[in-house]
Amino acid sequence: MKKGVLFDLDGTLWDSSREVAESWVLALRDCPDITKKPTMEQIQSVMGRVMDEIADIFFDEVEPERRREVLAYCMEQENIYIREHGGHPFSGLVEMLEELRRRGYHLFIVSNCQVGYIEAFLEHHGLRAYFDDFESYGGTGQPKGYNIRLVADRNQLDRAVYVGDTQGDYEASRTAGLPFIHTRTGYGQIDAQVPVIQELWELPDVVDEMLMEE
């Protein structure tokens, strides 16, 4: 039986909000028609949203088409910046990934980010070997629930769980038909009774309990 653990990225495995904000401030120097300069806290407030929503929130001073152009440029520069500077993986990340792999779980990432962002995370922090596959909103143009199901199906998982930190993550897991674990390392609260972890080291035992063979 093939079992998998699928992860959200931002707020679940790491916090890159400071670096994302820094990269956007640099990118927006090339966009004189944009006066807003995002802060780390503002970036945190939109983590997990799809790209069109983020463009509308930050760049509403220009027309919709221009908003998307500016966002695309910011994200292009963001990938370069993150690949060089990285972010802040949460405490115990590597040990948790190693333990899940030791217990026979296949690991995946599904995020609402742009193409290149997951790759930058994996490359900078040397984590590519831990993950079998990943998918993003930028890769498919589809919402997270669709992408969770896509990754589970194309990797032929018999049992799987999704791990995230926001209500949107929980709802996406329900759409995909997967059970959900809420990690309180991140940005959100969950309006549902679900298994909860406070620290990443707790995850392997909770996953064992949820995916135990009947």
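Where does serine 16 lie? Serine 16 is in the loop that runs between strand S2 (14-15) and helix H1; helices (H or I, at least four residues) and strands (E, at least two) are DSSP runs, numbered from the N terminus.

The model is predicted, so local features need pLDDT of at least 70 and side-chain atom pairs pLDDT 80 or more, while totals for chains, interfaces and linings use all residues. Residues are numbered from 1 along each chain as its sequence is written, and side-chain values use heavy atoms, without hydrogens and water.

Serine 16 has a relative accessible area of 0% and is therefore buried (under 20% relative accessible area, 1.4 Å probe, protein chains only). Its side chain makes a polar contact of 2.4 Å with that of tyrosine 117; such a contact is a pair of N or O atoms within 3.5 Å, one able to donate a hydrogen and the other to accept it, and residues adjacent in sequence count only if both atoms are side-chain atoms. Beyond neighbours within four places in sequence, the contacts of serine 16 include Met47, Ile82 and Tyr187, where contact means heavy atoms within 4.5 Å.

| Helix | Buried residues |
|---|---|
| H3 (residues 51-58) | Met51, Ile54, Ala55, Phe58 |
| H4 | Arg67, Val70, Leu71, Cys74, Met75, Glu78, Asn79, Tyr81, Ile82 |

The buried residues of H3 line one face of the helix, because they fall within an arc of 100 degrees seen down its axis; the arc is taken from directions from the helix axis to the C-beta atoms. Their cover includes H1 (17-27), H2 (40-46), H4 (64-85) and H7 (137-140).

The buried residues of H4 pack against S2, H1, H3 and H6 (117-125). Glycine 86 follows H4 and has a positive phi, near 70 degrees.

Methods
Buried < 20%, exposed > 50% of the residue type's maximum accessible area, 1.4 Å probe, protein only.
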